Amino acid sequence: ITPITLFLQLFSLDYYERQGAYLPVLAYFITLTRGLDVIFSPVMSCLTDLTVSRKWGRRKPFLLYGCGPCALVLLLLLFPPYDMVTNRSSANISFWYGATFLLFNLLQAAMVAP
């Protein structure tokens with residue numbers, strides 16, 4: 001677990017729960033993310049081992065092309081849409097957290113796992 005992932009799990013849960021999200025749904029998405037990461041990280045490692053790039057090597061293309069989307073998804077995770085927060089729709093805010101948390105962790109695994 002990287003420091004940013006630990007920060008997200010500790011503090012974003014409290015933030016999203018105060019916004020009206022269901023804690024069991026948030027816990028489900030965290031568990032789902034960890035389960036998919038067990039599968040996704042070895043696949044990404046194998047994919048980077050098979051990558052051939054004369055200019056950048058095997059790992060740098062994944063870092064280069066993964067950091068922008070990862071940063072964007074992190075911002076989406078930390079700052080949910082304003083109308084979703086003001087309406088306090090529990091299902092919507094829970095799904096937003098789950099989708100962005102899952103996507104962030106998969107993108108991060110694509111950069112960190114290799």
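This note sets out numbered points on the predicted structure above.

1. Basis of the note. The model is a predicted one, in which local features need pLDDT of at least 70 and side-chain atom pairs count only at pLDDT 80 or more, while totals for chains, interfaces and linings use all residues. Residues are numbered from 1 along each chain as its sequence is written, and side-chain values use heavy atoms, with hydrogens and water left out.

2. Overall architecture. The protein chain contains five helices and zero strands. Helices (H or I, at least four residues) and strands (E, at least two) are DSSP runs, numbered from the N terminus. Read from that end, the order of elements is α-α-α-α-α. Along the principal axes, the C-alpha atoms fill a box of roughly 50 × 25 × 20 Å.

3. Surface and contacts of the chain. The protein chain has 114 residues, of which 34% count as buried. Here buried means under 20% relative accessible area, exposed means over 50%, and partly exposed lies in between (1.4 Å probe, protein chains only). The chain exposes about 7000 Å², and carbon and sulfur atoms supply 72% of this area. Such areas come from the Shrake-Rupley method with a 1.4 Å probe; for residues, only the protein chains shown count as cover. Among contacts (heavy atoms within 4.5 Å) with a separation of 6 or more, 73% join residues 24 or more positions apart.

4. The nonpolar core. A nonpolar core is a set of buried Ala, Val, Leu, Ile, Met, Phe, Trp, Tyr and Cys residues joined through side-chain atoms within 4.5 Å. The largest one has 15 residues, and those with the most contacts inside it are Leu8, Tyr16, Leu26, Leu77, Tyr97, Phe101 and Phe104. At least two residues of this core come from each of helix 1, helix 2, helix 3 (60–78) and helix 5. Helix 5 gives the largest share, five residues.

5. Phe104 lies in helix 5 and is buried, with a relative accessible area of 2%. Apart from neighbours within four places in sequence, Phe104 is in contact with Ile4, Leu8, Cys70, Val73 and Leu74. Phe104 and Leu72 are 32 residues apart in sequence, and their C-alpha atoms are 8.9 Å apart in space. Leu26, with residues up to four places away in sequence not counted, touches Leu13, Tyr16, Glu17, Ala21, Ser94 and Tyr97.

6. Aromatic pairs. The structure holds six aromatic pairs. Rings of Phe, Tyr and Trp (its six-membered ring) pair if their centres lie within 6.5 Å; planes under 30 degrees apart count as stacked, over 60 as edge-to-face and the rest as tilted. Why is the pair of Tyr15 and Tyr16 edge-to-face? The planes of these two rings stand at 85°, with the centres 5.5 Å apart, so the pair falls in that class. Tyr15 is partly exposed at 28% relative accessible area, whereas Tyr16 is buried at 0%. Another edge-to-face pair joins Phe29 and Phe95, with 6.5 Å from centre to centre and 70° between the planes. Phe29 belongs to helix 2 (residues 23–50) and Phe95 to helix 5 (residues 90–112), so this pair ties together parts that are 66 residues apart in sequence. Phe29 is buried, with a relative accessible area of 13%, but Phe95 is exposed, with 55%. One aromatic cluster is formed by Tyr15, Tyr16, Tyr97 and Phe101.

7. The salt bridge. Side chains of opposite charge can pair when their charged atoms come close. A salt bridge is a side-chain nitrogen of Lys or Arg within 4 Å of a carboxyl oxygen of Asp or Glu. How many salt bridges does a search of the whole structure find? The search finds one, in which the side chains of Arg18 and Asp14 meet at 3.1 Å, N to O. Both residues lie in helix 1 (residues 3–18), four residues apart, about one turn of the helix. Arg18 counts as exposed, at 54% relative accessibility, and Asp14 is partly exposed, at 39% relative accessible area.

8. Ile4, Leu6, Phe7, Leu10 and Phe11 form a nonpolar patch on the surface, with about 470 Å² of accessible area together. Patches are made of residues with over 30% relative accessible area and no salt bridge: like charges are joined within 9 Å, nonpolar side chains (Val, Leu, Ile, Met, Phe, Trp, Tyr) within 5 Å. Leu10 lies in helix 1 and is exposed, at 52% relative accessibility. Ser12 is also found in helix 1, yet Ser12 is buried, with a relative accessible area of 6%.
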